[in-house]
Amino acid sequence: MSAGIDEAKQAIRRRVWDLLVAEYVVERGVHGYIPAFVGAEAAADRLAGLAEWQAARVVKAVPDRAQQPVRERALRDGKLLYVAVPKLAAELPFFVVDPAGLAAAPAEAAAREHAARHARKVAVCGSVAVNRRGSRLGKGAGYSDIAVALLQEAGRIGPSTVIVTTVHPLQVVDDVMPETEHDFSVDLIVTPDEVIECEPPRRPTGLYWNNLTAAKIAAIPVLAARAARRA
């Protein structure tokens with residue numbers, strides 16, 4: 001990624017983090033993270049009312065606190081739940097939680113701290129800011145982009161897959177987001193107040209190795225293993 005694009009993305013992140021803190025809709029210390037926002041439960045409820053959600057049998061969610069209500073709702077609604085290992089820091093980088101065999105309450109099983117305890121690992125493989133076109137910015141570490149690319153390569157994401165983000169209304173911005181080839185867009189933005197339908201999806205076809213640093217590859221076991229096979 002060029003320095004100019006990286007700086008432009010970070011400027012938007014800083015502005016949104018500062019705004020969320022100033023408006024008291026997140027806890028202090030949110031900078032550098034996907035913000036757990038006031039109204040996350042209401043956004044999850046609105047998402048659960050959509051036809052796309054009701055038709056879905058499988059939900060993949062990030063492990064961030066902001067999407068805890070979404071993960072819990074998925075289990076309550078009887079959906080098979082895939083949760084990325086935080087920072088993809090395992091050789092098998094996804095957990096799957098099956099509500100049919102759940103021994104714990106959905107609220108506990110959906111918590112990222114407990115997902116591994118109530119899940120079996122599988123070899124398949126939130127947003128800081130998002131605009132109405134569907135372009136999004138995460139916290140800048142790139143884990144969501146890599147997770148989507150892995151799922152795309154594994155055939156677990158296809159044209160019929162709906163990608164959603166739940167955010168506070170203040171996280172929906174008018175900016176034109178700088179994008180690179182590995183960035184993906186969302187189909188729907190769900191806030192506590194509305195559902196925003198975005199433009200046709202833009203998704204990577206898979207991993208773009210030229211955009212991955214040696215440090216990032218080494219830090220993510222599934223990438224390190226693949227890199228070793230490519231050598």
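Biologist: Why is glutamate 194 called partly exposed?

Modeller: In this predicted model, glutamate 194 has a relative accessible area of 30%. Buried means under 20% and exposed over 50%, so glutamate 194, at 30%, is classed as partly exposed.

Biologist: What makes glutamate 194 and arginine 132 a salt bridge?

Modeller: The closest N and O atoms of glutamate 194 and arginine 132 are 3.1 Å apart. The rule asks for a side-chain nitrogen of Lys or Arg within 4 Å of a carboxyl oxygen of Asp or Glu, and the pair therefore qualifies. Glutamate 194 lies in the loop between strand E9 (188-190) and strand E10 (195-197), and arginine 132 in the loop between strand E5 (129-131) and strand E6, so the bridge ties together parts that are 62 residues apart in sequence. Arginine 132, with 45% relative accessibility, also counts as partly exposed. By this rule the count comes to twelve salt bridges.

Biologist: How do you know that glutamate 199 and arginine 133 form a salt bridge?

Modeller: Their side chains meet at 3.0 Å, N to O, and the cut-off is 4 Å. Glutamate 199 is in the loop between E10 and helix H7 (214-219), while arginine 133 is in the loop between E5 and E6, 66 residues apart. Glutamate 199 has a relative accessible area of 39% and arginine 133 has 34% relative accessibility; each counts as partly exposed.

Biologist: What makes glutamate 179 and arginine 202 a salt bridge?

Modeller: The N to O value for glutamate 179 and arginine 202 is 3.5 Å, which again falls within 4 Å. Glutamate 179 sits in the loop between strand E8 (172-173) and E9, and arginine 202 in the loop between E10 and H7, so this pair ties together parts that are 23 residues apart in sequence. Salt bridges that share partners join Arg133, Glu179, Glu199 and Arg202 into one network.

Biologist: Why is helix H6 described as largely enclosed by the rest of the structure?

Modeller: Eight of the eleven residues of H6 are buried, so the helix is largely enclosed. The buried residues are Tyr143, Asp145, Ile146, Ala147, Val148, Ala149, Leu150 and Leu151. What covers them includes strand E1 (58-61), strand E3 (94-97), E6, H7 and H8. After H6 comes glycine 155, whose phi is positive, near 75°.

Biologist: Which residues does isoleucine 189 touch?

Modeller: Not counting residues up to four places away in sequence, the contacts of isoleucine 189 include Val130, Arg132, Thr165, Val167, Glu194 and Cys198.

Biologist: What is the volume of the largest pocket, and which residues are the closest to its centre?

Modeller: The volume is about 1,000 Å³. Of the 49 residues that line the largest pocket, Lys139, Gly140, Ala141, Gly142 and Tyr143 are the closest to its centre. Helix H1 (3-22), strand E6 (136-137) and H6 each give two or more residues to the lining, and H6 gives the most, with six. The lining divides into 23 nonpolar, eleven polar and 15 charged residues.

Definitions and conventions: Residues are numbered from 1 along each chain as its sequence is written. This is a predicted model: local features need pLDDT of at least 70, side-chain atom pairs count only at pLDDT 80 or more; totals for chains, interfaces and linings use all residues. Side-chain values use heavy atoms; hydrogens and water are left out. Contact means heavy atoms within 4.5 Å. On a 1 Å grid over the protein atoms alone, a cavity is a set of points where a 1.4 Å probe fits but cannot get out, and a pocket is an open set with protein on both sides within 12 Å along at least five of seven lines; lining residues have an atom within 4 Å of a point. Grid points are joined across faces, edges and corners, and a volume is the space filled by probe spheres set on the points. Helices (H or I, at least four residues) and strands (E, at least two) are DSSP runs, numbered from the N terminus. Ala, Val, Leu, Ile, Met, Phe, Trp, Tyr, Cys and Pro count as nonpolar, Asp, Glu, Lys and Arg as charged, and the others, Gly among them, as polar. Buried means under 20% relative accessible area, exposed over 50%, partly exposed in between (1.4 Å probe, protein chains only).
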